[in-house]
Amino acid sequence: EVLGAFVNALLLGGACVLLASQAIGRLVSGASEFHAQPVLIVGILGLLINLGSAWMLARSDRDNLNVRGALAHMLADALGSVGAILAAVLGGVFDLHAADPILSLAICVMILLGTWGVLRDSTRVLLDFVPEDLPQERVEAALRGLPGVRAIHELHLWSTGSQTMLTAHLVPEPGVDPCELLARAEQIGRAHV
């Protein structure tokens with residue numbers, strides 16, 4: 001799940017770099033004329049297909065990083081279709097052929113902004129970072145506040161993308177039943193994680 005989202009975000013970023021370099025090249029060399037009608041037809045069909053697919057996907061598990069990555073990919077494709085439609089109208093009707101590379105650059109910026117969140121979140125999961133919304137200090141303080149905890153060692157908190165995980169070595173006070181302490185610690189863990 002997480003690796004798929006990470007690779008998807010990297011591929012979208014790479015595609016944007018290629019598109020931007022091509023668009024800049026067309027702007028520098030002078031935008032060439034193109035047949036607007038086929039571009040318009042393909043753009044409209046692509047937009048309908050991508051929006052329908054994105055709508056179906058958006059109804060599924062939005063907390064899943066892979067779904068978020070696939071949704072970002074489909075929305076990027078839909079943005080490309082919108083750009084093709086606008087370029088066909090501006091180039092075919094108003095003879096503004098530079099609109100195509102300019103719209104390509106604008107779409108690249110929007111795609112990169114939309115993809116950044118998926119790339120950031122998947123990287124955090126792959127590197128086993130502490131989840132941003134759950135400070136490790138808060139969890140440690142809650143565990144230290146448990147009656148019968150003498151010390152805590154090796155507290156680790158990370159996310160799998162869809163779940164937050166916690167491991168810790170709790171040292172009980174003398175005479176405290178370790179099984180009871182573990183049960184209370186699991187309750188605290190579930191409440192904070």
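Is Leu19 buried, partly exposed or exposed? Leu19 is partly exposed, because its relative accessibility is 42%; buried means under 20% relative accessible area, exposed over 50%, and partly exposed in between, calculated with a 1.4 Å probe on protein chains only. The structure is a predicted model, in which local features need pLDDT of at least 70 and side-chain atom pairs count only at pLDDT 80 or more, while totals for chains, interfaces and linings use all residues. Residues are numbered from 1 along each chain as its sequence is written, and side-chain values use heavy atoms, with hydrogens and water left out.

Confidence may be considered next. The predictor's confidence in each residue is called pLDDT and runs from 0 to 100. The protein has an average pLDDT of 88, and 98% of the residues score at least 70. Helices (H or I, at least four residues) and strands (E, at least two) are DSSP runs, numbered from the N terminus. Among the elements of the protein, helix H1, residues 2-29, has the highest mean pLDDT, 93, whereas helix H6, residues 178-192, has the lowest, 82.

Leu19 belongs to helix H1.

Val125 and Ser159 are 34 residues apart in sequence, and their C-alpha atoms are 5.7 Å apart in space. Val125 is located in helix H4 and counts as buried, because its relative accessibility is 13%. Contact means heavy atoms within 4.5 Å. When neighbours within four places in sequence are set aside, Val125 is in contact with Val2, Leu65, Ser159, Thr160 and Gly161. Helix H4, residues 99-126, also holds Asp121. Asp121 counts as buried, because its relative accessibility is 18%. Not counting residues up to four places away in sequence, Asp121 touches Leu65 and Arg68.

The loop between helix H3 (65-93) and H4 contains His97, and Asp95 lies in the loop between H3 and H4 as well. His97 counts as buried, because its relative accessibility is 12%; Asp95, at 55%, counts as exposed. The side chains of His97 and Asp95 are joined by a polar contact of 2.7 Å. A polar contact is a pair of N or O atoms within 3.5 Å; within protein, one must be able to donate a hydrogen and the other to accept it, and residues adjacent in sequence count only if both atoms are side-chain atoms. Asp95 has a phi near 60°, a positive value in a residue other than glycine. Glu154 also has a positive phi, of about 50°, although it is not a glycine. Glu154 is part of strand E1 and is exposed, with a relative accessible area of 58%.

The interior can now be examined. In soluble globular proteins, nonpolar side chains tend to be buried together. A nonpolar core is a set of buried Ala, Val, Leu, Ile, Met, Phe, Trp, Tyr and Cys residues joined through side-chain atoms within 4.5 Å. The largest nonpolar core has 11 residues, including Leu134, Val139, Leu143, Leu146 and Leu181. H5, strand E1 (149-159) and H6 are the elements that give two or more residues to this core. E1 provides the largest share of this core, 4 residues. A second, separate core has 8 residues, among them Leu12, Ala20, Ala76 and Ile111.

Leu146, a member of the largest core, is in contact with Leu181, Arg184, Ala185 and Ile188, leaving aside its neighbours within four places in sequence. In helix H5, residues 136-144, the residues Val139, Ala142 and Leu143 are buried. Seen down the axis of H5, its buried residues fall within an arc of 100°, so they line one face of the helix; the arc is that of the directions from the helix axis to the C-beta atoms. An α-helix has 3.6 residues a turn, so residues three or four places apart point the same way.

Finally, the cysteines deserve attention. A disulfide is a pair of cysteine sulfur atoms within 2.5 Å, and by this rule the count comes to 0 disulfides. The sulfur of Cys16 has its closest cysteine sulfur in Cys108, at 4.3 Å, which is too far for a bond. Cys16 counts as buried, at 3% relative accessibility, while Cys179, at 59%, counts as exposed.
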